[in-house]
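Hello,

Here is the structure I promised to pass on. Have a look at it first, and then read on for what turned up.

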Amino acid sequence: NAKITFGEVAKYWLEKIKVKNTFRTHEGYASVTNKHLMPKLKDILIKDIKAVHGEELIKKLKNDKHNERGVNLILGVLKSIINNALERELIDKNPLIRVKPLKEKPRSETYWTKLEISQFLRANLNETNYALYVVALNSGMRRGELAGLCWDRIDFERNQIEVSRTRDRYGLRETTKTGIRRYVPMNIEVKRVLEQLRRKQNHLQYIFCDAPNEPFNVHHLYRDFAKAQKKSGLERKIRFHDMRHTFASQFMMNGGSLYDLQKILGHTKIEMTMRYAHLSADH
């Protein structure tokens, strides 16, 4: 144990968490480790890591113009590696226990009003991605979940969408971002557009396609969504992910409960859902 370096512990930790995370998430942790932690800490013995190393990391990241959230994310990876060393009894105590994360500015969620939603959808009624936009705005599903949505997960009798897959540039996986299978209710609009698509795509696997049974390119989606917003004439532009926030905001303003919203969005912690609490008429 006396000769084990930080780099060796980091490598072990990255290998250990691979089975618990999606490829994309694991790739992000590996990138943070190799870019921000290894250059300074790789050859330092794990027993010699001190609080000052964490403080110096924060100082450097701030000097490099990282925002508070980015700094805390990188610091969190460092702490996870150190915690792994503690669990394996390579060190007797956590030297970073008193290194506090930066105070982050409250995040304001961007969302469309009902009028903006209507204007956007009317302008894109005949576009290829129209059904995709309707489902996104009425379900709160993530981009990868929409990309990986197949007909075997649609239950027209119970009016439910089973969200249990995600798709990105690495392919389709039988899991979601949080690893939780959940069920999203279909309202009248979602059921209508999906039934229309079903009649056209009787033998296809994926629901939202660029070509027959060719699922849409998740990276082209940003470009297509920007064009769709321009076509609608909306002055206030949002990100594709903000359609998830739009759903959550409208859900609360229409009298929905935080508990139901948490389950529909697939949040593991109610604190994530609490961001929308102030929009509730009963708040």
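Let me start with the second largest pocket, which holds about 390 Å³ of space. A pocket here is an open set of points on a 1 Å grid over the protein atoms alone, where a 1.4 Å probe fits, with protein on both sides within 12 Å along at least five of seven lines; lining residues have an atom within 4 Å of a point. Grid points are joined across faces, edges and corners, and a volume is the space filled by probe spheres set on the points. The second largest pocket is lined by 19 residues, and T128, A131, L197, K200 and Q201 are the closest to its centre. Helix 8 (188-200) gives the largest share of this lining, five residues, while helix 6 (130-139) and strand 6 (209-211) each supply at least two. Helices (H or I, at least four residues) and strands (E, at least two) are DSSP runs, numbered from the N terminus.

A word on the source: this is a predicted model, in which local features need pLDDT of at least 70 and side-chain atom pairs count only at pLDDT 80 or more, while totals for chains, interfaces and linings use all residues. Residues are numbered from 1 along each chain as its sequence is written, and side-chain values use heavy atoms, with hydrogens and water left out.

Now the largest pocket. About 2000 Å³ of space lies in it, and 46 residues line it, with T25, R69, R142, K177 and M272 nearest its centre. Helix 2 supplies six lining residues, the largest share. By class, the lining has 11 nonpolar, 17 polar and 18 charged residues, whereas that of the second largest pocket has 11 nonpolar, four polar and four charged. Ala, Val, Leu, Ile, Met, Phe, Trp, Tyr, Cys and Pro count as nonpolar, Asp, Glu, Lys and Arg as charged, and the others, Gly among them, as polar.

Q119, F120 and A123 in helix 5 meet F225, A228, Q229, K231 and S232 in helix 9, contact meaning heavy atoms within 4.5 Å.

Best wishes
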